[in-house]
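Subject: Structure handover

Hi,

Here is the structure I promised to pass on. Please open it first, then read my notes below.

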Amino acid sequence: MAAPVPRTEELAAGQDGSVRRGGEKWRSEERRDYVEMAAWTGRDGDGGGTRMGADRAASGGNGEGGERLRSMAGGDRLLPKGFPKLKNDTFLRAARGEQTEHTPVWCMRQAGRYLPEFRETRASQDFFATCRSPKLCCELTLQPLRRFPLDAAIIFSDILVVPQALGMEIVMVPGKGPTFTEPLKEVEDLLKLRQKVDVTAELGYVFQAITLTRHSLEGKVPLIGFSGAPWTLMSYMIEGGGSTTMAKAKSWLYRHPEASHRLLRLLADVIIDYLVGQVAAGAQALQLFESHAGHLGPELFQDFALPYIRDIAQAVKSKLKEEALPLVPMIIFAKDAHYALHDLAHAGYEVVGLDWTIRPQEARAQIGKDVTLQGNLDPCALYAPKEKIGELVKKMLESFGTQRYIANLGHGLYPDMNPEHVGAFVEAVHAHSRHINKHS
């Protein structure tokens, strides 16, 4: 059992005027309050990054813990500084290619519906209203850490907050999932999008959630921030939701290549500022999700995905240097992009995430030894008995090796999974990797 993580208080978001629909602004008092906090810490307010300084270093701040800002709505608001000292840096060391005593492990969607406490916390709460509540996001992020000895936390949020920041409205339809009320249909629809996004104003609730969570973790493990990649977000914005073919979105690439690049460039610019803002708020690593890479194929990926993936890594790191922020490790997870692993290995990311449909040895051969790998157990393996999970983990570790490797699933956890089997996966990674390291 993992050591306890403190609970957050006041989990009543959504009952006090916070938004319940994807396209509406978060509660005006919360927005004003974050802008005030941003001004105090030196954000320039135009989506162009931060100047908060290196006192937010990933290893734990400048010792000025406890500084707070009184919120407009009452109560104290933690500032993104004076973070507790990090106690377990195994994940960060593995990401940077340093030696580790055991293989670190975390799970995509580790804060999810498979946990009964997650379902209880989210009961009667609109999904996007939950995303806009820093306290709820913090609580949901911490829940799996209370159960399992994970080596990293990932902030609870959603990749579709970026299209929302561009002015699109999204509702969560029961049984269907996220649905855009007015998806992009014609090139002229691009004019409806905000051409310049103030990420502090539009996505400040994510930054608040990261800061609150970083403090609440008390240095237990690092905190990962994330974003969807441009092609994946573009496909949602045109399809209007999920799709098995992405035919509408792909048709834009063939019919409207110039307009497609304009949209992808707009998304990339917002994502860059958004990721930098997450580091300024306290994120200690970043993951970029190109979840729909498998729909493209080599040529379309080369033209419409890879250039923006590269640019995001380069621009984020450049801005972090300019603003004296920590140069946190970055992870690229391009699902089903087997054809592009060599290119992804040279795209500027410290870690390449893998889905479960590629053999570890093949991935290492394509990627080389200078980039950390992450993945890639089939999520459905967690339906197996615990003993079988242990066997599969042992085989996975022997295939990847225990160094320059972060254990994870090849995709996110599913809602009907048994939490005890998730725990068995995490503990098997630790036990088998320690054994292999001891006897190697």
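One term before we start: a residue counts as buried under 20% relative accessible area, as exposed over 50%, and as partly exposed in between. Please also keep in mind that this is a predicted model.

Start with D336. Is D336 buried, partly exposed or exposed? Its relative accessible area is 28%, so D336 is partly exposed. D336 sits in the loop between β8 (330–334) and α13 (341–345). It is not a glycine, yet its phi is positive, at about 65°. Most residues other than glycine have a negative phi.

R404 also deserves a look. This residue is not a glycine either, and it has a positive phi of about 50°. You will find R404 in the loop between α15 (386–400) and β11 (405–409). With a relative accessible area of 22%, R404 is partly exposed.

Next, a peptide bond. Most peptide bonds are trans. The one from G375 to N376 is cis, with omega near -15°. N376 belongs to strand β10 (residues 372–377).

**The whole protein**

Now step back. The protein has 440 residues, and 61% of them are buried. Its secondary structure consists of 16 helices and 11 strands. Take the contacts with a separation of 6 or more: 75% of them join residues 24 or more positions apart. The exposed surface comes to about 17300 Å². Carbon and sulfur atoms supply 50% of that surface.

Helix α10 has 25 residues. From first C-alpha to last it reaches 36 Å, close to the 36 Å expected at 1.5 Å a residue. It is mostly covered, with 19 of its 25 residues buried. After α10 comes G282, whose phi is positive, near 130°.

Which helix does α10 (residues 257–281) cross at roughly 35°? The partner is α7 (residues 199–216), and the two axes come within 9 Å. The crossing is right-handed. On the α7 side, V199, L203, V206, F207, I210 and T211 make the contact. An α-helix has 3.6 residues a turn, so residues three or four places apart point the same way.

**S157**

S157 lies in the loop between β3 (153–154) and α6 (161–165). Its relative accessibility is 11%, so S157 counts as buried. Which residues does S157 contact, leaving aside neighbours within four places in sequence? They are C131, V206, F226 and Y274.

**P144**

Last, go to helix α5 (residues 134–147), where P144 is found. P144 has 0% relative accessibility, so it counts as buried. Not counting residues up to four places away in sequence, P144 touches Q110, A111, Y114, L115 and L150. One of these, Q110, is 34 residues from P144 in sequence. In space, P144 and Q110 are 6.3 Å apart, C-alpha to C-alpha.

That is the tour. The structure is yours now.

Best wishes

Note on methods: Residues numbered from 1 in each chain as written. Predicted model: local features only at pLDDT ≥ 70, side-chain atom pairs only at ≥ 80, totals over all residues. Heavy atoms only, no water. Axes fitted to C-alpha atoms, helices over the stretch in contact; angles between N-to-C directions. Helix = DSSP H or I, 4+ residues; strand = E, 2+ residues; numbered from the N terminus. Left-handed = near helix turned anticlockwise from the far one by under 90°. Contact = heavy atoms within 4.5 Å. Buried < 20%, exposed > 50% of the residue type's maximum accessible area, 1.4 Å probe, protein only. Areas by Shrake-Rupley, 256 points an atom, 1.4 Å probe, with all protein chains shown as cover. Expected span 1.5 Å × (residues − 1).
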